Amino acid sequence: MQMAIAEKGLLVLDGYAPGKPGHAAHDNTENAIYNALEDIIWIKNYDFPKISNMLGKVKMTVTQIDAGQQHNVVPGTCHFVVDIRVNDLNQNMEVFD
């Protein structure tokens, strides 16, 4: 067993992607789920420039997603949660900004 000498910080964000509610059979270019996907893909692919020798990269992971109530209704909003593990080179507000 080895003693832990460091631990990443935690920042949890609630993301909301807007859309325009409507019936699934109609044309709708503002699907909140599709809009959220753009944000989620960005979160998945973004790398913070400061990499710690001790703790590595800042890690962002989308852990929850919630949208829609019925199979035939395009939701007006999509909520998702982002778990962010911050290293010793980044402050929570800096990562948030």
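This is a predicted model: local features need pLDDT of at least 70, side-chain atom pairs count only at pLDDT 80 or more; totals for chains, interfaces and linings use all residues.
Visitor: How far apart in space are histidine 71 and valine 86?
Guide: Along the chain, these two are 15 residues apart. Going from C-alpha to C-alpha, the distance between histidine 71 and valine 86 is 38 Å.

Visitor: Over to H1, then: what end-to-end distance do its C-alpha atoms show?
Guide: H1 has 14 residues, and at 1.5 Å a residue they should span 20 Å. The model agrees with that, because the end C-alpha atoms of H1 are apart by 20 Å.

Visitor: Which backbone nitrogen does a side-chain oxygen of asparagine 31 reach at the start of H1?
Guide: Asparagine 31 lies in the loop between S2 (22–23) and H1 (32–45). With a relative accessible area of 12%, asparagine 31 is buried, and it touches Val74 and Pro75, leaving aside residues up to four places away in sequence. Its side-chain oxygen comes to within 2.9 Å of the backbone nitrogen of isoleucine 33.

Visitor: Which element gives the largest share of the largest nonpolar core?
Guide: That core has 15 residues, and Ala36, Met60, Phe80, Val82, Ile84 and Val95 touch the most other members. Two or more residues come from each of S1 (9–18), H1 and S5 (77–86). The largest share, five residues, comes from S5.

Visitor: What does isoleucine 84 touch, not counting residues up to four places away in sequence?
Guide: Isoleucine 84 is among the core residues that touch the most other members. Its contacts are Gly9, Leu10, Leu11, Leu13, Val58, Lys59, Met60 and Val95.

Visitor: What kind of aromatic pair do tryptophan 42 and tyrosine 46 form?
Guide: The ring centres of tryptophan 42 and tyrosine 46 are 4.7 Å apart, with 20° between the planes. Planes under 30 degrees apart are the criterion here. So the pair counts as stacked.

Visitor: And what kind of pair do tyrosine 46 and phenylalanine 48 make?
Guide: Tyrosine 46 is partly exposed at 32% relative accessibility, whereas phenylalanine 48 is buried at 12%. Their ring centres lie 4.9 Å apart and their planes stand at 90°, so this pair is edge-to-face.

Visitor: Which residues do the ring pairs link into a cluster?
Guide: The structure holds two aromatic pairs. One of them joins tryptophan 42, partly exposed at 49% relative accessible area, to tyrosine 46. Put together, the ring pairs give a cluster of Trp42, Tyr46 and Phe48.

How values were computed
Residues are numbered from 1 along each chain as its sequence is written. Side-chain values use heavy atoms; hydrogens and water are left out. Helices (H or I, at least four residues) and strands (E, at least two) are DSSP runs, numbered from the N terminus. Buried means under 20% relative accessible area, exposed over 50%, partly exposed in between (1.4 Å probe, protein chains only). Contact means heavy atoms within 4.5 Å. A nonpolar core is a set of buried Ala, Val, Leu, Ile, Met, Phe, Trp, Tyr and Cys residues joined through side-chain atoms within 4.5 Å. Rings of Phe, Tyr and Trp (its six-membered ring) pair if their centres lie within 6.5 Å; planes under 30 degrees apart count as stacked, over 60 as edge-to-face and the rest as tilted. The expected span of a helix is 1.5 Å times one less than its number of residues. A polar contact is a pair of N or O atoms within 3.5 Å; within protein, one must be able to donate a hydrogen and the other to accept it, and residues adjacent in sequence count only if both atoms are side-chain atoms.
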